[in-house]
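Student: Can we go through this protein together? I'd like to start with the inside and then look at a few single residues.

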Amino acid sequence: MTEYKLYYFDVRNLAEPIRLMLHYNGAEFEDIRVDMEKWPSLKPEMPQSTIPVLEVNGKKLAQSHSIMRYLGRVYSKISIIRSVIL
């Protein structure tokens, strides 16, 4: 099973469409809300030192548009498989 972790600040900004896509498709994910106090220590671990970051089975994907494109590909394939089976 795919394990998702989403890192972003505790605001509805760039990560909100990602959260909505994951919820809409019924994906279980860990929503990690980063505090401004913890961000300086977490920043070196993030790709390009930015967030949002979606961690997929240990691999970190950066940039909100890239993450949305990735999830779109993943879930469009699943919906195609579901329509064929049903």
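Tutor: What follows is a short talk about a predicted model.

Student: Which residues have the most contacts inside the largest nonpolar core?

Tutor: Tyr 4, Leu 22, Ile 51, Leu 54 and Leu 71 do, in a core of 22 residues. At least two core residues come from each of strand 1, helix 1, strand 2, helix 2, strand 3 and helix 3.

Student: And which element gives the most to this core?

Tutor: Strand 1, with five residues.

Student: What is Leu 54 in contact with, leaving aside its neighbours within four places in sequence?

Tutor: Its contacts include Tyr 4, Leu 6, Leu 22, Ile 67 and Leu 71. Lysines are also among them, including Lys 5 and Lys 59.

Student: Now helix 1. Which of its residues are buried?

Tutor: Ile 18, Arg 19, Met 21 and Leu 22. They sit on the same side of helix 1, because they cover an arc of only 165 degrees around the axis. On the other side, Leu 20, His 23 and Tyr 24 are exposed.

Student: Why do residues three or four places apart point the same way in an α-helix?

Tutor: Because an α-helix has 3.6 residues a turn.

Student: What follows helix 1?

Tutor: Gly 26, with a positive phi near 75 degrees.

Student: Different topic: Glu 55. Buried or exposed?

Tutor: Glu 55, in strand 3, is buried and has no salt bridge. The nearest side chain of opposite charge is Lys 5, 4.4 Å away.

Student: Which side chain does the Glu 55 side chain make a polar contact with, then?

Tutor: That of Tyr 7, at 3.0 Å. Not counting residues up to four places away in sequence, Glu 55 also touches Glu 3, Tyr 4, Lys 5 and Lys 60.

Methods:
Residues are numbered from 1 along each chain as its sequence is written. This is a predicted model: local features need pLDDT of at least 70, side-chain atom pairs count only at pLDDT 80 or more; totals for chains, interfaces and linings use all residues. Side-chain values use heavy atoms; hydrogens and water are left out. A nonpolar core is a set of buried Ala, Val, Leu, Ile, Met, Phe, Trp, Tyr and Cys residues joined through side-chain atoms within 4.5 Å. Buried means under 20% relative accessible area, exposed over 50%, partly exposed in between (1.4 Å probe, protein chains only). Helices (H or I, at least four residues) and strands (E, at least two) are DSSP runs, numbered from the N terminus. Contact means heavy atoms within 4.5 Å. The arc is that of the directions from the helix axis to the C-beta atoms. Lys and Arg count as positive and Asp and Glu as negative; His and the chain ends are not counted. A salt bridge is a side-chain nitrogen of Lys or Arg within 4 Å of a carboxyl oxygen of Asp or Glu. A polar contact is a pair of N or O atoms within 3.5 Å; within protein, one must be able to donate a hydrogen and the other to accept it, and residues adjacent in sequence count only if both atoms are side-chain atoms.
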